[in-house]
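Here's a quick tour of a protein chain, starting with the whole fold and ending at a single residue. Take a look at it before reading on.

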Amino acid sequence: MPRLVLIRHGQSAWNLENRFTGWWDVDLTEQGTAEAKAAGELLAARGFDFDLCFTSVQTRAIKTLHIALEAMGRLWLPEEKHWRLNERHYGGLTGLDKAETAAKHGTEQVHIWRRSFDIPPPAMEPGSEYDLANDRRYAGVEVPTTESLKHTIERVLPYWNDRIAPALRAGERVLISAHGNSLRALVKHLSAIPDDEITGLEIPTGQPIVYELDEGLNAVERYYLKDR
């Protein structure tokens, strides 16, 4: 039976500062580093091992993967990085304090931008200090200017179908270190969660989620490892 583990990166600097982060590259906090290490220790203690790892091209997810693997004694495991596993792009909200944004635009409007399934935030202006169009990581990629959760799902699933699902079908044990919304996209797909329910799903930082899958990669069981 295929087994998949998902980990949202540990607390980041902008998680701590309550700022919209999205595609902007920020580092882990001291707490985030501790969360990643604890995740790896828990996986090792419960007898988990992996054959292949996937992560985004964002520092907080990459470091979480490496810290967890180091705690497991598995830094040598092969890994693939891809921008399709990046966090949702928050457009013009990137870098803004969430409380200040709510005060400016209204709590209800900000809630819609954050939690609606298919309504994206305002687009990022060209030339913004957070514009990543010329970042080497995205050479040849049309960097979005904003994304809804629906948009995020649409760019995550092709990578799932092309790379991750075939690895699982081949019998490889897979670990994915990514972000709240890119993982929400995978959870929605695997657990067949309706559009109007997925936005209410919260994924905590640094907590391994285990999927037991059948041969068709349908979810048989989903649980947080700490609860077992």
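Read along the sequence, this predicted chain runs β-α-α-β-α-β-α-α-α-β-α-α-β-β. That comes to eight helices and six strands, where helices (H or I, at least four residues) and strands (E, at least two) are DSSP runs numbered from the N terminus. The chain is as compact as a globular protein of that length, because its radius of gyration is close to what the globule rule gives for 228 residues. That radius is taken over C-alpha atoms, and the rule is 2.2 Å times the number of residues to the power 0.38.

Here are some whole-chain values:

| Property | Value |
|---|---|
| Radius of gyration | 17 Å |
| C-alpha span along the principal axes | about 50 × 35 × 35 Å |

Of the 228 residues, 51% count as buried, meaning under 20% relative accessible area with a 1.4 Å probe, protein chains only. Now for contacts (heavy atoms within 4.5 Å): among those with a separation of 6 or more, 76% come from residues 24 or more positions apart.

Let's zoom in on Thr152, which sits in helix 6 (residues 149-169). Is Thr152 buried or exposed? Thr152 is buried, because its relative accessible area is 0%. Leaving out residues up to four places away in sequence, Thr152 touches Arg88, Glu147, Asn181 and Ser182.

A note on the numbers: residues are counted from 1 along each chain as its sequence is written, and side-chain values use heavy atoms, leaving out hydrogens and water. As this is a predicted model, local features need pLDDT of at least 70 and side-chain atom pairs count only at pLDDT 80 or more, while totals for chains, interfaces and linings use all residues.

Note on methods
Buried means under 20% relative accessible area, exposed over 50%, partly exposed in between (1.4 Å probe, protein chains only).
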